[in-house]
Amino acid sequence: MTTLQHTRPASGGTTASLALHGLTIILFFAASSMTTPLFPLYQASWGVSAFLISVIFAAYVGALLLSLLFLGALSNHFGRRAVIVAALVVQCVAMVMFLVADSGHWLVAARLVQGFATGIATTAVAAALLDVDQKAGAMINSLAPMVGMAVGALGAGALVQFAPLPLHLVYAIALGISLIQLVRTLVSAETFPDRRSDGWSVRPRIEIPRGLRSTFVRILPLNVAVWGLGALFLSLLPGLFHEMASTPSMAWLSGAAVGVMTLAGAAAVLLLRHRSAANARRWAGLTIIAGTALVLAGTVLHSPILILLGSLPTGIGFGGGFLGVLRSLVTQARAEERAGLVSAFYIASYLPNALLAMAAGYAAQHLGFLPAAQFFAIFIIAMAAWSLGIKLGDNNR
């Protein structure tokens, strides 16, 4: 095997490199959530059904998962910079597709392209951040997705509420920022000094070490609850707010609910990062139950504000659960086992995320958003409660 040498950022450029790649990953995840406040407008303007909205959501998740599994190692062979540039180009294509979209089917296609771009970018940008500084890079990797989703949902909600061209302006802004990041990345230094040139295979590595299979099964209830929250807030709540009270404030509230949940998740990662995995999982289970119960009460009382209040504890559970579940697995795995294990973890995360979103959309189509959200909330509470009774023997990790 031969290696191709690249220039690692000088010590003085470390902060600039972290800022560049941190903003890029925030951009991708902001773009992923900014469609959420627009769903009620798509329903009103184009007659997009509740089930098609869930398909739009699931299309993104499915494309992201496939690109993560099959293209996750691209940057090991072609360099971080080249792969990030390619992902930004594909992201720009997706934003253009959103700008010219005039039907729900266009939205499905645009979300497929967007998910593909995000999947390519996720591993390459994460690796670039770790190349520059392992400690700071790991922290940015943990926080950036949640911060990005919050920025996207809150920003899009504000633009829908107060700015003109609600179906276009948010995508035009995202396209402009993507182009700026594309140029900045093109002139940046390559962070990976030992690019491999021994060929590249698209075969995914999905392996669960024998000694971790029991642990993997035991974390599934909490993992399903965590990613079920993502499906509930990003796919179901916008239509629920629209159905409960069709007023101009609803678009803002749906974006605010996602923003509060994801920012609380980021705060939970910071607060629990020095706690054991078992402690993080326990806090996650309790706060998911409490927050989802508030959301459920909000649906019963027809109170959007109560649902918004519930997004705070659910967000703590979202971040704490993600941290606790992932740490329970990777701290027990050998270095050579982690790639396959993380691939399996993402399958066990994104697959139920997409399936639950589609099931919720189907239920909303036939029963209405209100009963669909109530059944969904009860299911999440049940999964979180189940997780509290599971012991993994990792109290000190």
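Beyond its neighbours within four places in sequence, Ile-288 is in contact with Leu-222, Ala-225, Val-226, Leu-229, Pro-313, Thr-314, Gly-317, Phe-318, Ile-380 and Ala-384. The model is predicted. Ile-288 also belongs to the largest nonpolar core, which has 89 residues. It is listed there among the residues with the most contacts inside the core, together with Phe-233, Leu-236, Leu-237, Leu-240 and Phe-376. Helix H10, residues 220-244, gives the most to this core: 15 residues. A second core stands separate and has 26 residues, including Ile-53, Val-170, Tyr-171 and Ala-174.

**The chain overall**

The protein has 397 residues, and 55% of them count as buried. Its secondary structure comes to 15 helices and 2 strands. Take the contacts with a separation of 6 or more: residues 24 or more positions apart account for 86% of them.

Does the length of H5 fall in with or out of line with what 1.5 Å a residue predicts, and what is the span? Helix H5 covers residues 80-100, 21 residues in all, so it should span 30 Å; the end C-alpha atoms are 31 Å apart, which agrees. Buried residues in H5 include Arg-80, Val-83, Ile-84, Ala-87, Leu-88, Gln-91, Met-95 and Phe-98. An α-helix has 3.6 residues a turn, so residues three or four places apart point the same way.

**The salt bridge**

How many salt bridges are there? The count comes to 1. The side chains of Asp-131 and Arg-80 meet in it, at 2.8 Å from N to O. Asp-131 lies in helix H6 and Arg-80 in helix H5, so the pair ties together parts 51 residues apart in sequence. Both Asp-131 and Arg-80 are buried.

**A patch on the surface**

Val-96, Val-100 and Trp-106 form a nonpolar patch on the surface. Together they have about 250 Å² of accessible area. Trp-106 lies in helix H6. Is Trp-106 buried or partly exposed? Its relative accessible area is 35%, so Trp-106 counts as partly exposed.

Methods: Residues numbered from 1 in each chain as written. Predicted model: local features only at pLDDT ≥ 70, side-chain atom pairs only at ≥ 80, totals over all residues. Heavy atoms only, no water. Helix = DSSP H or I, 4+ residues; strand = E, 2+ residues; numbered from the N terminus. Buried < 20%, exposed > 50% of the residue type's maximum accessible area, 1.4 Å probe, protein only. Contact = heavy atoms within 4.5 Å. Expected span 1.5 Å × (residues − 1). Core = buried A, V, L, I, M, F, W, Y, C linked by side-chain atoms within 4.5 Å. Patch = residues over 30% accessible without salt bridge, like charges linked within 9 Å, V, L, I, M, F, W, Y side chains within 5 Å. Areas by Shrake-Rupley, 256 points an atom, 1.4 Å probe, with all protein chains shown as cover. Salt bridge = Lys/Arg side-chain N within 4 Å of Asp/Glu carboxyl O.
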